[in-house]
Amino acid sequence: MLDLDKRAITYLPGVGPKKAEILQKEANIVSYDDLLHYFPYKYVDRSRFYRVDEITPNMPYIQLKGKITRYEQLGEGKTRRLVGKFTDGSGVLDLVWFKGINYVLEKVKVDTEYIIFGKPSEFGHSFNLVHPDVDPVEQAGQVASGLTPFYNTTEKMKKSFLNSRAIQNLQYTLLSGLNWQLAETLPQKLLKKTGLVPLSDAMRNIHFPATVSLLRAAQLRLKFEELFYIQLHMLKTSQMRKKALQGILFSSVGDYFNTFYKEYLPFELTNAQKRVVREIRADMGSGRQMNRLLQGDVGSGKTLVGLLSMLLALDNHCQACMMAPTEILATQHYATIKAFLKDMDVKVALLTGSTKKKERERILPAIASGEIQIVIGTHALIEDTVVFSSLGLAIIDEQHRFGVEQRSRLWMKNTKAVPHVLVMTATPIPRTLAMTLYGDLDVSVIDELPPGRKPIRTLHRYDNKKAELFEFLRREIQKGRQVYVVYPLIEGNEKLDYKSLEEGFEVFKEVFQEYTVCMVHGKMKAAEKEEEMQKFISGKAQILLATTVIEVGVNVPNASVMVIESAERFGLSQLHQLRGRVGRGAEQSYCILVSSYKLSNETRKRLEIMVNSNNGFEIAEADLRLRGQGDLEGTRQSGEGLELRIANLASDGQILQYARDCAMEILNEDPDLLSEPYQILNERLRILFSRSISWRLIS
Ligand code: ADP
Ligand code: MG
């Protein structure tokens with residue numbers, strides 16, 4: 001059978017080089033297989049014909065059968081249009097075209113029967129259809145049966161005559177050219193067990209569904225398949241890794257760990273922290289390589305767990321490193337860890353993009369010789385120039401910005417044995433997403449905050465009530481507290497965003513003349529940023545205005561009020577992250593979400609969730625439900641949106657779990673997938689995941 005994956009779309013009748021280029025650029029469609037997997041986003045019922053005299057206002061798309069009796073050309077310039085007087089015997093309707101007038105005049109003949117499809121709009125006393133689909137009645141079998149698919153298209157695609165209808169035609173050409181037969185991509189045994197429909201049926205019915213129930217069956221099969229292969233890939237990779245990779249055996253708990261734990265730990269660990277440390281110790285002491293995801297809400301004390309794990313590495317004559325996504329965060333971690341270890345003889349270094357050449361020349365050889373035991377840094381850590389003497393543990397903080405690729409670059413940092421990897425996330429991610437993005441990791445959860453924390457009170461205020469807000473802030477500052485004020489900084493809108501930050505700065509300085517107001521943002525030089533930050537950390541400044549640079553990182557226990565300007569422009573998870581910057585001391589903390597009065601329903605709901613919940617997992621789930629996966633922060637920020645073509649992590653959690661269970665069961669039965677019924681799986685994995693460059697999911 002034809003290898004659809006390798007067959008370039010240019011070979012398809014109706015697709016020339018120009019269209020092929022547009023399809024690739026705009027829709028990522030390169031091969032026949034890509035086209036087949038370009039699924040409709042909705043369907044419209046075309047199972048019946050309407051009569052002109054049945055049309056009422058506010059109807060959805062409808063189809064009619066009849067003739068154009070004559071054409072009129074009206075208007076000039078922008079209002080120039082072609083009107084076709086259409087009738088089916090029951091009444092008359094105007095078909096209107098603003099574009100492609102000559103094309104229509106040539107193709108659509110008067111007094112010839114056609115099938116017309118479009119959305120009627122009311123116009124004076126009559127109705128019209130603007131830019132309807134027009135098909136010869138001979139094609140009724142193709143276009144007018146059952147549910148009609150609608151495909152996403154971009155402006156550029158439409159300009160090149162690749163509208164939804166054209167895509168539908170291409171699908172038809174492709175599928176009918178294959179006699180509607182496709183090679184099966186799931187094992188027969190699995191199809192039997194699950195009762196899913198064969199691929200050929202699924203593809204036919206996803207593009208040309210005859211009935212709603214056939215469509216559902218097709219969707220189920222394709223969603224399952226998409227999620228199944230991701231899970232199979234994840235589970236197989238992790239199984240292979242566990243088998244093939246000798247982990248470095250951390251057999252002993254020694255002086256570093258014990259001394260710190262017994263003598264210098266400033267507080268008792270929470271039960272959750274203790275449990276997680278035990279899990280990590282067991283893992284690193286198993287002889288297998290650890291790949292663990294540590295999830296814990298903001299402020300749950302992950303850094304300390306990380307530090308204890310690093311000390312275990314040191315006890316076993318290994319080095320450890322911790323990688324953070326931003327310089328500020330790396331710097332903060334460095335300061336925190338230096339402070340924790342100040343009375344112990346441990347060599348710690350900081351390495352970031354702005355580490356000076358001279359400093360670098362000092363640090364790098366000391367890392368290579370093993371003299372420096374702990375390195376904290378940013379992406380700079382994975383550069384080739386950084387060579388360790390014996391890296392035993394790599395910690396990645398705020399992980400959702402690092403993909404599998406980057407994690408694996410850390411593994412290469414030890415040529416003799418693969419270091420253990422601990423990935424820490426402060427943004428709790430919904431289970432379905434975790435399973436999909438990090439399904440190859442074992443998971444630990446810190447589900448408890450350190451004692452003595454008062455829950456943060458969250459309020460929503462409109463920005464026309466600024467005076468009251470200032471009043472409130474003044475009272476808190478008088479009590480000795482400090483205040484963060486955060487402004488959005490959103491790609492594409494930087495200029496305006498910086499402007500509102502600067503303007504805000506002027507206002508705050510004016511209103512709070514008796515206090516010190518400082519400001520940090522991404523455009524400042526590192527030294528200047530540091531200086532402003534320091535003013536706030538030391539308590540000299542009472543108010544810190546910032547863009548989201550403080551999102552991950554800073555820890556100022558005395559800061560107990562977080563004001564978020566234009567809160568409606570932030571995602572829920574981001575708001576939750578920001579809120580986590582307060583509530584670290586013993587005082588009652590506040591988070592004030594300031595928004596404009598005009599809000600969409602969805603936004604209002606989102607802000608309500610923030611006001612009502614302090615639980616990061618709950619918020620992440622709600623975020624996923626409200627916004628859908630495509631928009632999830634983290635996946636989007638790193639430029640690698642989770643590209644599922646049909647499954648939806650917000651609504652298909654059950655299918656995902658089932659797919660994962662099936663994958664697990666098969667791997668238990670036949671770990672190498674070499675037995676006859678499962679050979680097809682290896683083949684599919686190779687096809688799907690060797691394209692990993694275009695497969696953004698694991699890039
Ligand atoms: P996150 O999980 O967000 O990274 P951090 O590790 O930054 O949290 O911890 C937040 C704050 O809580 C820090 O000031 C840290 O010193 C403190 N902390 C951590 N563990 C405990 C504990 N068991 N008891 C009291 N305070 C703790
Ligand atoms: Mg942290």
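**Exercise 1.** Find which residues asparagine 163 is in contact with, leaving aside its neighbours within four places in sequence, and describe where asparagine 163 lies.

*Solution.* Leaving aside neighbours within four places in sequence, asparagine 163 has contacts with Thr153, Met157 and Lys158, where contact means heavy atoms within 4.5 Å. This is a predicted model, in which local features need pLDDT of at least 70 and side-chain atom pairs count only at pLDDT 80 or more, while totals for chains, interfaces and linings use all residues. Residues are numbered from 1 along each chain as its sequence is written, chains are lettered from A and ligands numbered from 1 in the order in which they are written, and side-chain values use heavy atoms, with hydrogens and water left out.

Helices (H or I, at least four residues) and strands (E, at least two) are DSSP runs, numbered from the N terminus. Then take a distance: from asparagine 163 to phenylalanine 150 the C-alpha atoms are 9.3 Å apart, with the two residues 13 apart in sequence. Last, the relative accessible area of asparagine 163 is 32%, so the residue is partly exposed. Buried means under 20% relative accessible area, exposed over 50%, and partly exposed in between (1.4 Å probe, protein chains only).

**Exercise 2.** Describe the second largest pocket by its volume and its lining.

*Solution.* Start with the term. On a 1 Å grid over the protein atoms alone, a pocket is an open set of points with protein on both sides within 12 Å along at least five of seven lines, where a 1.4 Å probe fits, and lining residues have an atom within 4 Å of a point. Grid points are joined across faces, edges and corners, and a volume is the space filled by probe spheres set on the points.

The second largest pocket holds about 1600 Å³ of space. Its lining has 44 residues, and those nearest the centre are Tyr103, Asp133, Phe161, Asn163 and Arg165. Two or more lining residues come from each of α3 (101-107), β5 (113-118), β8 (133-136), β9 (147-150), α5 (155-159) and α6 (164-177). Of these elements, α6 gives the largest share, seven residues.

**Exercise 3.** State what phi is near in histidine 131 and in serine 566, and locate both residues.

*Solution.* For histidine 131, phi is near 45 degrees, a positive value in a residue other than glycine. Histidine 131 belongs to the loop between β7 (126-130) and β8, and its relative accessibility is 36%, so it counts as partly exposed.

For serine 566, phi is near 50 degrees, again a positive value in a residue other than glycine. The loop between β21 (559-564) and α20 (572-579) holds serine 566, which is partly exposed because its relative accessible area is 24%.

**Exercise 4.** Is alanine 586 buried or exposed, and which residues does alanine 586 touch?

*Solution.* Alanine 586 has 53% relative accessibility and therefore counts as exposed. The residue is in the loop between α20 and β22 (590-595). Not counting residues up to four places away in sequence, alanine 586 touches Gly452 and Lys454. Lysine 159 is 61 Å away from alanine 586, C-alpha to C-alpha, and 427 residues away in sequence.
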